[in-house]
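I'd like to talk about charged side chains today, so let me put the structure up.

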Amino acid sequence: MVRIILNGCNGAMGKMLANIIAQDEQAQVVAGIDITQAADTPFPVFESIKECDVEADALIDFTVSKITDMVLDQCAQKGLALVLATTGLSDEQLAHVQEAGKTIPIVQSYNMSLGINTLAKIVELITPVLADAGFDIEIVERHHRRKLDAPSGTAIMLGNAANKSLNGEYHFVFDRSERREKRDPKEIGFSAVRGGTIVGVHDVIYAGEDEVIELNHQAFSRGVFAKGAVQAAKFLQGKEPGVYTMRDVIG
């Protein structure tokens, strides 16, 4: 049984996680962290991780990047394994993840779904073939109106998967509004759409001469991310300190 603390337990994702864990015989929510209180929460809720004195194995965090450094420090101090699904992390914060990983096991991923991580594997496999044939690479992502960062962490993850397979020879372009020039053959372009209640849609587009290949992933519920996070928390039980990815989780 893995004992889990939910950071942001009274938010939409926190409630989704709590419901999914309640149906999992191998996991249990033992505490939550949230600045707001809810009368029907079946576990103790604290206003900060520092205040939480409940014994646990792992913490799942789907909150905001401005508190990620604090989350990393507190988990390292308490010896808590961490599932870090927060997006919009800076280079400095990613370096902090690596440093904390020397003390505790961490699964850090911009997307916890099995489908997206399988898509990233496919992108790594086919990109070199298509790039060598002259195909241009564009990534388009769509999310709900409340999402703060753009492009999404998942879009960046897919771009990194493509660029990794190309030996890092390509560069990312996020905005062409001020440019008046032809597309660089060695760029990966990104476009972000925000509106409505779109959970998450990602397209990897390979545009060649007279033909286009599109890879598409659509999330219809936050449940796909929540299920992956719970799987990651169970994966971390007994693991040595280090920074793991969802690829490690799904094998």
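Predicted model: local features only at pLDDT ≥ 70, side-chain atom pairs only at ≥ 80, totals over all residues.

Let's start with E141 and R194, whose side chains form a salt bridge at 2.7 Å, N to O. This pair ties together distant parts of the chain: E141 sits in strand β7, residues 136-143, while R194 is in strand β9, residues 187-194, and the two are 53 residues apart. Is E141 buried or exposed? E141 is buried, because its relative accessibility is 0%. R194, on the other hand, comes out at 28%, so we call that one partly exposed.

Next up, E169 and K186. Their side chains meet in a salt bridge too, 3.3 Å from N to O. Again we're linking distant parts of the chain: E169 is in the loop between α5 (153-165) and β8 (171-173), K186 is in the loop between β8 and β9, and 17 residues separate them. Both ends are partly exposed here, with E169 at 46% relative accessibility and K186 at 39%.

Then there's K102 with E99, a salt bridge at 3.2 Å, N to O. K102 has a relative accessible area of 62%, so it counts as exposed, whereas E99 is partly exposed at 46%.

Notes
Residues numbered from 1 in each chain as written. Heavy atoms only, no water. Salt bridge = Lys/Arg side-chain N within 4 Å of Asp/Glu carboxyl O. Buried < 20%, exposed > 50% of the residue type's maximum accessible area, 1.4 Å probe, protein only. Helix = DSSP H or I, 4+ residues; strand = E, 2+ residues; numbered from the N terminus.
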